[in-house]
Amino acid sequence: MSSDPEDDYVPWIQQFCESFGHDYFVPVAQEFIEDDFNLTGLSLQVPYYREALYTILDYQVETSEDAPTTNAGNGLRSGSGKRSDLPNKLLLSHSAELLYGLIHARYIISKPGLTAMASKFERSEFGICPRYYCDGMHLIPVGATDIPGQETVRLYCPCCSDIYLPLSSRYLNIDGAFFGTTFPGLLVKMFPEIENQCKLRINKVNQDNFGIRLFGFKIHESSATGPRMKWLRQYPALEEERREYAECELELPPANDGGVDMSVSEASEIEPDFDDDRTMASEGI
Amino acid sequence: MSAHGNNNEPFTDSSSDFTEYWIDLFLGIKGNEYFCDIDDDYIRDRFNLTGLNQEVAKLPTLVDIITDMVDIELQPEEHRDSLEHNARVLYGLVHARYILTQRGLNKMFEKYKNGDFGYCPRVNCQLHPLLPVGLEDLPRSTSVKLYCAKCEDLYNPKSGRHAIIDGAYFGTSFPAMFFQNFTHAMPVHSKETYVPKVFGFKVHEHSNLDRWRSLQRRKLETRLTGYGIDIHNTSGGFVEEAAPEARAETT
Ligand SMILES: [Zn+2]
Ligand SMILES: [Zn+2]
């Protein structure tokens, strides 16, 4: 019924955030985008950068489709009227989304962005941890890398400090770089209550007690089908383990290593604890 | 189809719309994908039902309904709903026992391979198939959970339909029995962990904990090697990276 086109006008950013599968995004504040400092380096990453930026800010942008053609109404798609320096609509919308995503990754680690994302986190808009022992802990979106086009978005649980795939397939084509690698760590640092929520959960359930059982009996680790992954969720509890933990503060194993080697020097450091641990393990049966 | 009149789902699997078998109808109900098909012979053997008369009333009638010896439509109308409900409870409780038998395990193995129980949501588990498990063997205590043998952890079912199923219909022993039986299905465990980073640097407390955990893992590896268990790139062992260079940072 509305004859005035202004009534139907939806800002680009709002449209983007409301479209299917985009519910992890927050609207980036106009002032943030208008501050050139926040956009440093992005012109090198986004094709048709200027046009993409104008699109996001709702300025009129000329596309190759808009360019005047000499013979309108001609059935043949004559290229004569098209200006090659203009992006077509599809290319432009792709560039605008890429640019917005990269700005978004920067925005959510700024103070206003963090605050906006924290409210979404509180409302559980990123879902809850699928892990049973995390007892419904709210998740935080994260990228495996900051380079766009590599990996889709993942969800970080501050309780088990692990990453999960989103529950719904609608997020399977959302670029992880639009959230970035830094965001969850920063969010948890800025809002210490998150860590308190986790501590409550970790203390509430005795996870160490879990292990698959056969007619009530735990399988011993010396069995071929025995447990192998207890370490993955383990916390230092005993005094001896706390001491070990303190020793792991800066090294052992090397910081950039996922446990690849077991170098001689490290192995010898492990040796003295060996027997103590064996006693512990047999007590746990 | 009025036998399922108390089922709120507007849709049942179309393939079962015209069969008359109770079990097929039951398995066709949306949300019952975790259950396998129990042999009639197993349900009719009174030995397998030992103790279950304490859980459900009119056990013999329920057995007849499940095995299609009695048509639930011929029962007095006021009893039908409760009979149908109890028949489902009985099926679940017998199911927990059946899936510990060789035939039951084989059927569950097919479902496992098929991904009928879903896949582990943990990124480092790379969609490893899950197994249903109960936290208790007594009915009506806790709902079913899913066990990932790769990370050896428990997850909540994705769908609300599955999340309300009684864990006692699968029991606490099922995953352990499953892997005792199908040792080759034991996964090669990943050592990869996630440590949060801020501006490219790993968060200190997290990398401290991560190092301590990998120390625990190494001690386990030492013990396992001591037991004479091969753990290098083998079922029940760990993925070994060829060389540190091979997993050079992608970023
Ligand atoms: Zn968690
Ligand atoms: Zn897993």
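Helices, of at least four residues, and strands, of at least two, are DSSP runs numbered from the N terminus.

## Chain B in outline

This is a predicted model. Chain B holds 8 helices and 5 strands. Read from the N terminus, the elements of chain B follow the order α-α-α-α-α-β-β-β-α-α-β-β-α.

Chain B has 251 residues, and 53% of them are buried. Take the contacts in chain B with a separation of 6 or more: 61% of them join residues 24 or more positions apart.

## The zinc site in chain B

Which residues are the protein donors of the zinc ion (ligand 2)? They are Cys120(B), Cys125(B), Cys148(B) and Cys151(B). Each gives its SG atom, and the donors lie 2.3 Å from the zinc ion. The site of ligand 2 has 4 donor atoms, with angles of 102 to 119 degrees among them. That site is tetrahedral, because four donors count as tetrahedral if all angles lie between 85 and 135 degrees. For comparison, the ideal angle for four tetrahedral donors is 109.5 degrees.

In sequence, the donor residues of ligand 2 follow the spacing C-x4-C-x22-C-x2-C. One pair among them links distant parts of the chain: Cys120(B) and Cys148(B), 28 residues apart. Cys120(B) sits in the loop between helix H5 (102-113) and strand E1 (130-133) of chain B. Cys148(B) belongs to strand E2 (residues 145-148) of chain B. Both Cys120(B) and Cys148(B) are buried.

## The zinc site in chain A

Chain A supplies the donors for the zinc ion (ligand 1). Here the SG atoms come from Cys129(A), Cys134(A), Cys157(A) and Cys160(A), at 2.3 Å. The angles among the 4 donor atoms run from 102 to 117 degrees, and the site of ligand 1 is tetrahedral. The donor residues of ligand 1 are spaced C-x4-C-x22-C-x2-C in sequence.

What does the pair Cys134(A) and Cys157(A) tie together? Cys134(A) lies in the loop between helix H5 (111-122) and strand E1 (140-142) of chain A, while Cys157(A) lies in strand E2 (residues 154-157) of chain A, so the pair joins parts that are 23 residues apart in sequence. Cys134(A) and Cys157(A) are both buried.

## Where the chains meet

How many residues does each chain bring to the contact? Chain B brings 64 residues and chain A brings 69 residues. The area buried between chain B and chain A is about 6600 Å². Carbon and sulfur atoms give 60% of this buried area. Three residues, Tyr194(B), Trp212(B) and Arg218(B), supply 12% of the area that chain B buries against chain A.

## Two positive phi values

Most residues other than glycine have a negative phi. Ser124(A) has a positive phi, near 60 degrees. Ser124(A) lies in the loop between H5 and E1 of chain A. Its relative accessible area is 24%, so Ser124(A) is partly exposed.

Asn233(B) also has a positive phi, near 55 degrees. Asn233(B) lies in the segment after helix H8 (204-226) of chain B. Is Asn233(B) buried or partly exposed? Asn233(B) counts as partly exposed because its relative accessibility is 47%.

Technical notes. Residues numbered from 1 in each chain as written. Chains lettered and ligands numbered in written order. Predicted model: local features only at pLDDT ≥ 70, side-chain atom pairs only at ≥ 80, totals over all residues. Heavy atoms only, no water. Donors = N, O, S within 2.8 Å, 3.2 Å for Na, K, Ca; no water. Tetrahedral: all angles 85-135°; square planar, octahedral: opposite > 155°, others 65-115°. Buried < 20%, exposed > 50% of the residue type's maximum accessible area, 1.4 Å probe, protein only. Contact = heavy atoms within 4.5 Å. Buried area = accessible area lost by both parts, 1.4 Å probe.
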